[in-house]
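The structure is shown first.

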Amino acid sequence: MPAKDYAAELEKIKSFLTDFYTDSDKGGKDFKYGTQLMKIAHREQIALTIDLDDVADLDNELVDAVVENTRRYVKLFGDAVHELLPHYKEKEVIAKDALDVYIDHRLLMEQRHHQEGQIKDARNRFPPELIRRFEISFKSRSQEKHMAIRHVKAQHIGKLVSVKGIVTRCTEVKPMMQVATYTCDLCGAETYQPIISPSFMPLLMCPSEDCTVNKSGGRLYLQTRGSKFIKFQELKIQEHNDQVPVGSIPRSMTVFVKGECTREAEPGDHISITGVFLPLMKQGFRQLVQGLLSETFLEAHRLVKMNKTEDDEVGAAELTEEEIKLVAEDDFYDKLASSIAPEIYGHEDIKKALLLLLVGGVDRTPKGMKIRGSINICLMGDPGVAKSQLLSYIDRLAPRSQYTTGRGSSGVGLTAAVMQDPVTSEMVLEGGALVLADQGVCCIDEFDKMQDSDRTAIHEVMEQQTISIAKAGIMTTLNARVSILAAANPAYGRYNPKKSVEHNIQLPAALLSRFDILWLIQDRPDRENDLRLGQHITYVHQHGVQPPTQFEPLDMKLMRRYIALCKKKQPVIPESLSDYITGAYVEMRKEARNNKDMTFTSARTLLGILRLSTALTRLRLVDVVEKEDVNEAMRLMEMSKDSLNGQLEHQGRAQTVTDQVYSMIRDMVPESSTKFLQLADVMERCTSKGFTPDQVNECIEEYEELNVWQVNTAKTRITFI
């Protein structure tokens with residue numbers, strides 16, 4: 001490979017920066033980099049991002065050279081910009097900070113004391129890093145694909161690479177020294193030390209001409225005010241699930257972010273990073289511990305938030321008139337709901353409820369008290385009714401979401417864990433699934449399989465929307481403004497209609513009342529419905545798309561943007577509707593009392609109706625709640641309760657007294673291997689519940705004849721067979 005003439009490359013870069021233009025809408029020329037250089041000269045802009053697509057229009061070889069040797073070309077572009085800036089400076093710039101004043105004063109002193117023909121020592125000259133107040137970064141070419149983290153290897157060291165992943169941890173932004181400034185205690189000369197590695201050895205002896213000639217041995221002292229610091233942040237990114245091979249665990253990569261790229265990402269964001277892949281050389285004791293191994297990191301040039309599934313950036317563009325017209329038709333509510341998981345047959349009302357969960361209600365804070373706006377939904381149903389599929393679709397559709405299962409997550413994994421920061425070695429909090437899904441959705445599958453101790457961690461999140469922590473000397477409250485979508489199976493695997501709702505659900509009332517909608521999905525055999533479901537499933541299996549319907553389901557990207565537009569609305573409930581809602585709530589309480597309703601009706605139910613109605617109003621992009629919104633919210637509530645109470649007519653024969661006594665005895669059997677009961681205990685339990693001893697004896701004899709259990713001759717013990 002022939003040696004590069006970097007002087008010629010510098011001239012080429014200068015001509016590119018000054019001459020590159022695009023055609024503007026008005027027919028003139030738009031000098032893209034010229035206008036940015038003018039802003040940099042007047043201190044209105046700091047970061048200058050060079051788009052490699054623009055460089056490719058001028059010279060493809062230069063693009064290849066930039067990708068292959070990025071750090072050298074960052075320096076060359078910096079030199080070119082520094083030389084061009086005086087030509088673009090049209091007015092004097094007012095000093096903005098202490099460093100500006102320092103630089104102006106130094107240049108003035110330099111001109112005053114510098115004598116003709118005097119050669120200045122290299123270390124006493126101003127290093128370019130100190131004088132320059134701009135940052136150069138590169139944007140990779142648009143046709144370049146993102147690499148998986150595990151595919152970034154040794155051959156990419158020093159090259160420009162683009163990776164995408166999810167941010168798992170980010171440190172605080174801290175100042176990092178870029179140029180250390182020292183003053184001599186004898187001659188007063190300033191000495192500068194540019195720092196390029198993570199650690200540095202401070203200079204001790206003054207290298208100026210006065211001290212070396214006189215051999216006075218002046219000592220150097222670090223001047224913090226005169227040194228230059230830049231913002232520094234460390235991120236940890238982890239590869240997406242779809243990039244992980246079977247049987248492997250996700251890989252992580254350390255990213256160093258400097259300057260204007262800091263504070264661009266939060267934990268839980270899906271981001272794309274363009275940067276230089278470099279080895280991290282440790283020094284001193286850490287190098288001894290590390291031995292011959294070297295760690296690697298990515299020095300970020302450009303950091304962009306991404307959508308979760310596609311390779312496109314998060315769309316900040318407003319919806320066009322045509323797109324709003326496409327969504328806002330007469331039956332737009334049904335259309336949006338049907339566009340959620342169109343491959344799944346039926347469940348129309350459940351999809352409507354999930355749509356409202358994505359949009360969310362409005363948060364209210366009357367005098368410091370907080371009333372949540374996020375909607376929580378629990379789907380409970382028989383196996384094979386597509387609960388987990390609905391959850392995974394919502395996880396893909398929501399811009400911010402976390403998916404976890406009951407058995408695979410602990411209470412600490414859901415809330416926050418105390419970890420030791422590898423950089424600073426101090427104890428820090430690392431957010432769990434609920435914190436990472438802040439202002440998004442947290443989908444919890446197999447909710448019934450969670451341990452009770454872990455499930456209690458969710459109680460505070462579901463109502464107060466915060467997580468309070470007092471661990472390892474850290475006392476704080478984290479925000480977890482999250483909607484929880486849980487899926488669970490009934491207690492016995494399938495819903496047993498002969499049992500009460502409490503027996504089937506077996507979740508604490510404190511938790512159930514926090515769900516705005518508890519939906520029971522039963523798998524009842526029905527010839528017509530089974531036929532349509534079977535045809536739907538086979539069609540999806542053959543063609544990979546849902547069968548043709550009366551309208552085309554909306555695209556996922558369009559739905560995301562429409563939901564983001566809905567969330568900007570802050571609807572209010574008018575005075576005229578408050579009496580209507582109050583009356584409806586009183587009626588619901590009365591019905592629950594009269595019908596011995598097994599579901600829990602409390603003031604939270606009223607707040608749930610208000611949340612659902614404001615979400616429906618947001619969906620219509622208006623600012624005032626109407627009566628139809630309240631009616632639809634109450635209809636969804638009633639449908640969810642009907643799903644719980646609607647199985648009463650399908651119970652078959654009514655339970656006799658003997659059946660009731662038998663179920664009570666059955667519940668008394670310990671879960672251990674011993675399957676016998678003392679007859680005296682059975683008689684005491686049953687008589688305390690209001691049954692006569694004759695009814696109990698009749699039940700025991702009847703089931704003994706059926707060989708369900710055996711009674712010993714002394715009539716003191718029942719043994720189950």
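## Salt bridges and a parallel sheet

Aspartate 452 is exposed, with a relative accessible area of 56% (exposed is over 50%, buried under 20%, partly exposed in between; 1.4 Å probe, protein chains only). Its salt-bridge partner is arginine 455, which is buried at 6%. A salt bridge here has a side-chain nitrogen of Lys or Arg within 4 Å of a carboxyl oxygen of Asp or Glu. Both residues lie in helix α16 (residues 452–455), 3 residues apart; helices are DSSP runs (H or I, at least four residues), strands likewise (E, at least two), numbered from the N terminus.

This is a predicted model, in which local features need pLDDT of at least 70 and side-chain atom pairs pLDDT 80 or more, while totals for chains, interfaces and linings use all residues. Residues are numbered from 1 along each chain as its sequence is written, and side-chain values use heavy atoms, without hydrogens and water.

The structure holds 30 salt bridges, including these:

| Pair | Closest N to O |
|---|---|
| Aspartate 79, arginine 132 | 2.5 Å |
| Arginine 635, aspartate 349 | 2.9 Å |

Arginine 635 in helix α24 and aspartate 349 in helix α12 are 286 residues apart. Arginine 635 is partly exposed at 29%, whereas aspartate 349 is buried at 15%. A network of salt bridges links Arg372, Glu463, Asp516, Arg604 and Arg611.

An open sheet has 5 parallel strands in the order β14-β17-β20-β13-β21; strands pair if DSSP finds at least two bridges between them. At its edges are β14 (401–405) and β21 (517–521). Strands β17 and β20 pair over 4 bridges, and isoleucine 444 has alanine 486 in β20 as its bridge partner.
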